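Take a look at the sequence and the 3D structure below. Then follow this short report through it.

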Amino acid sequence: MFKNILLASDGSAHSLRAAEKAIGLAKLHNGKIDVVYSIDGSTSKSDVLTNNSKYEVEKKRKEKLAPVVDLLEKEAIAYQVHMIHGEPGPAVVDFANKGNFDCVVVGSRGLNKLQTMVLGSVSHKIAKRVNVPVLIVK
């Protein structure tokens with residue numbers, strides 16, 4: 001059922017918990033996981049300003065995802081990492097809807113009601129706009 005899973009990740013503790021759930025789903029159906037990390041404009045700008053080279057920037061981005069990648073490798077799950085550019089919510093939605101995914105797994109940031117109403121969370125945007133089932137992990 002869920003053979004092609006998209007995992008939205010940013011290297012946070014929430015996304016690591018989401019990775020654990022995605023791995024559980026992948027194991028049930030011998031699936032594979034595509035990990036997507038969205039880099040928005042302000043993150044990209046600060047990365048360029050605070051690092052010496054594009055290789056250093058790329059290395060630091062990979063380090064953010066290292067715990068998730070390590071977990072996938074430890075569990076022997078087939079995976080692929082995609083680094084995309086754009087505001088995380090819309091960028092992940094666009095990537096998910098253009099891909100051939102059965103499910104999207106994303107961690108919850110746990111915003112309070114006011115913040116969610118005013119700002120909207122990435123997980124909420126994904127759940128509202130993606131065309132396949134979405135699992136939000138608290």
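Which side chain does a polar contact of 2.6 Å join to that of Asp34? The partner is His82. Keep in mind that this is a predicted model.

**Around Asp34**

Asp34 is found in strand β2, residues 32-39. Its relative accessibility is 4%, so Asp34 counts as buried; the cut-off for buried is under 20%. Leaving aside neighbours within four places in sequence, Asp34 is in contact with Ile5, Leu6, Leu7, Gln80, His82 and Phe101.

His82 also has a link to another residue of the model. In β3, His82 is the bridge partner of Val36.

**The sheet**

Strands β2 and β3 run parallel, and eight bridges join them. They belong to an open sheet of five strands. The order is β3-β2-β1-β4-β5, with parallel pairing. β3 and β5 stand at the edges. Each has a single partner strand, so one side of each is left without a neighbour in the sheet. On average, neighbouring strands of this sheet are turned by 20 degrees against each other, direction ignored. Strands of a sheet pair through backbone hydrogen bonds.

**A helix that packs on strands**

Helix α4 covers residues 88-98. Its buried residues are Gly89, Ala91, Val92, Val93 and Ala96.

Definitions and conventions: Residues are numbered from 1 along each chain as its sequence is written. This is a predicted model: local features need pLDDT of at least 70, side-chain atom pairs count only at pLDDT 80 or more; totals for chains, interfaces and linings use all residues. Side-chain values use heavy atoms; hydrogens and water are left out. Helices (H or I, at least four residues) and strands (E, at least two) are DSSP runs, numbered from the N terminus. Buried means under 20% relative accessible area, exposed over 50%, partly exposed in between (1.4 Å probe, protein chains only). A polar contact is a pair of N or O atoms within 3.5 Å; within protein, one must be able to donate a hydrogen and the other to accept it, and residues adjacent in sequence count only if both atoms are side-chain atoms. Contact means heavy atoms within 4.5 Å. Two strands pair if DSSP finds at least two bridges between them. Axes are lines fitted to C-alpha atoms, for helices over the stretch in contact, and angles run from 0 to 180 degrees between N-to-C directions.
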